[in-house]
Amino acid sequence: MRNPSIPAASTVVDSALFRDAFGTAHMREIFSDGALVQRYIDVEIALAKAEARVGVIPADAAEAIARESRIDRIDFDRMREETDIVGYPILPLVHQLVEMCGEAGRYVHWGATTQDIMDTAVVLQVREALDSVAADIRALRGILADLARKHRDTPMAGRTHLQQALPVTFGYKVAIWLAMFDRHQQRLDELRPRVVVVQFAGAAGTLASLGDKGFDVQHALAEELGLGVPVTTWHVARDGLAEAVNLLALITGSLGKIALDIMIMASTEFAEVYEPFVKGRGASSTMPQKRNPISSELMLAASKAVRQHAGLMMDAMVQDLERATGPWHAEWIAIPESFILTSGALHQAKFALGGLIVDAPRMAHNLGVSKGLIVAEAVMMRMAPHLGRQQAHDVVYDACRAVNETGGTLAEALLALPAVTAHFDRAAIEDMVDPANYLGLAPRMVDHAVALSAKVA
């Protein structure tokens, strides 16, 4: 038999061991069973109030429903058992609400269908979850803006195809990260009107059971809950919720990109950045010297999982006729887990980037490992006005071959070429091969990105 003192959770989002690595307490609470059932009750109460406002049910019945429908009176064991039988939780909930409300119970769930209540409850959860994600992104953008400003002029090797390419600054790299999250912040605002809308349309979506009062009830219900009113019934039109989860995939995808950059730059050979030091964090069970980039690893894992859920949501959009036979249920898996994983990844990002250790001297050292070859383009462009573009290319090419074949530095190889020394002295050559002098507009791009970020709400 299982030891009752050992937690029974079996997934990382609920696991006592892993839940705070992959999620946050706040987001888990938003999507907890208790919070979900409370949202169901909120919608049923709001529906009664809305119907009383437009004269569909008696006002005293709505008052009684609002007063008597309380989650602390719900028998969750009974509700779970009935849900296993029915397949959905709303009818079991309505049974108990009817009993709680006495004579007024006859008006509970009036004119609604199960999916109306469940979809609207999920929208209420998603609205709160989006607020949480937006707040985390806003905080992360502040961290990134500070980091970009601080390292605006910190030179480092820019790399393409994992090879040193041209010098950049670390601030420039961070500014690119910042701009991604500025766009995500804007996307969050843009999708809300499409997602945060009420669902109330009745059995086949036509509001037939309420006669000519259907639209009045729908609008009043939306007002009660602070939600928008959709153009049409969306029982089988799931693009709104699919868009929300796919945005989470974009957000965690950006976090995964940052995580991969940090992990590569934190490798022993690069040693340019490190996650914040916490005694024991990232320790190996066998290698005492190890300091693994744990937050980055968790961010990357979350990005992969949310991407899979985004695909699941796209698949769940393919629904049959006026009410789906299965795809809807897939959303029950994908939506909560996607938000929890995204919240956990953002939490890890705020920790890792908020205390990121940047080794500027090591970045400068790595800039020198190519012995000046990283600025071969800079040298060629400086020489071109004196030698012509093609001859400058050929001269620098020969100098680079000399460095690769016989050693030394690019400066030394250039000083050995009469075609170069005829136009440039030692000081000029050393200036040309200094990577810090070939940063392009990277520092100004940092200024531009930070300034624009400040204008994003």
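**Exercise 1. Determine which element gives the largest share of the lining of the largest pocket, and describe that pocket.**

*Solution.* The largest share, eight residues, comes from H12. Helices here are DSSP runs of H or I with at least four residues, strands are runs of E with at least two, and both are numbered from the N terminus. The structure is a predicted model, in which local features need pLDDT of at least 70 and side-chain atom pairs count only at pLDDT 80 or more, while totals for chains, interfaces and linings use all residues. Residues are numbered from 1 along each chain as its sequence is written, and side-chain values use heavy atoms, with hydrogens and water left out.

Step 1: volume. The largest pocket holds about 860 Å³ of space. On a 1 Å grid over the protein atoms alone, a pocket is an open set of points with protein on both sides within 12 Å along at least five of seven lines, whereas a cavity is a set where a 1.4 Å probe fits but cannot get out; lining residues have an atom within 4 Å of a point. Grid points are joined across faces, edges and corners, and a volume is the space filled by probe spheres set on the points.

Step 2: lining. The largest pocket is lined by 28 residues, and Asp 33, Leu 36, Tyr 40, Pro 89 and Trp 332 are the closest to its centre. Two or more lining residues come from each of helix H3 (33–53), helix H5 (76–86), helix H7 (114–150) and helix H12 (327–354).

Step 3: classes. This lining has 16 nonpolar, four polar and eight charged residues. Ala, Val, Leu, Ile, Met, Phe, Trp, Tyr, Cys and Pro count as nonpolar, Asp, Glu, Lys and Arg as charged, and the others, Gly among them, as polar.

Step 4: domains. Domain 1 (25–107) and domain 2 (114–197 + 234–366) each give at least three residues to the lining of the largest pocket; the bounds come from an automatic or database domain assignment.

**Exercise 2. Describe the second largest pocket by volume and lining.**

*Solution.* Step 1: volume. The second largest pocket has about 340 Å³.

Step 2: lining. Its lining numbers 17 residues, with Gly 158, Arg 159, Thr 160, Lys 173 and Asp 261 the closest to the centre. The elements giving two or more residues are strand S1 (155–160), strand S2 (163–169), helix H8 (170–195) and helix H10 (239–265).

Step 3: classes. Ten nonpolar, three polar and four charged residues make up the lining of the second largest pocket.

**Exercise 3. State how many cavities of 30 Å³ or more the whole structure has, and characterise the largest cavity.**

*Solution.* Step 1: count. The search finds one cavity of 30 Å³ or more.

Step 2: volume and lining. The largest cavity has a volume of about 100 Å³. Ten residues line this cavity, and Glu 275, Pro 276, Arg 291, Asn 292 and Pro 293 lie nearest its centre. By class, six are nonpolar, one is polar and three are charged.

**Exercise 4. Describe the overall form of the chain.**

*Solution.* Step 1: elements. The chain contains 19 helices and four strands.

Step 2: extent. The C-alpha atoms fill a box of roughly 105 × 55 × 35 Å along the principal axes. The centres of domain 1 and domain 3, taken over C-alpha atoms, are separated by 78 Å.

Technical notes: The radius of gyration is taken over C-alpha atoms; the globule rule is 2.2 Å times the number of residues to the power 0.38.
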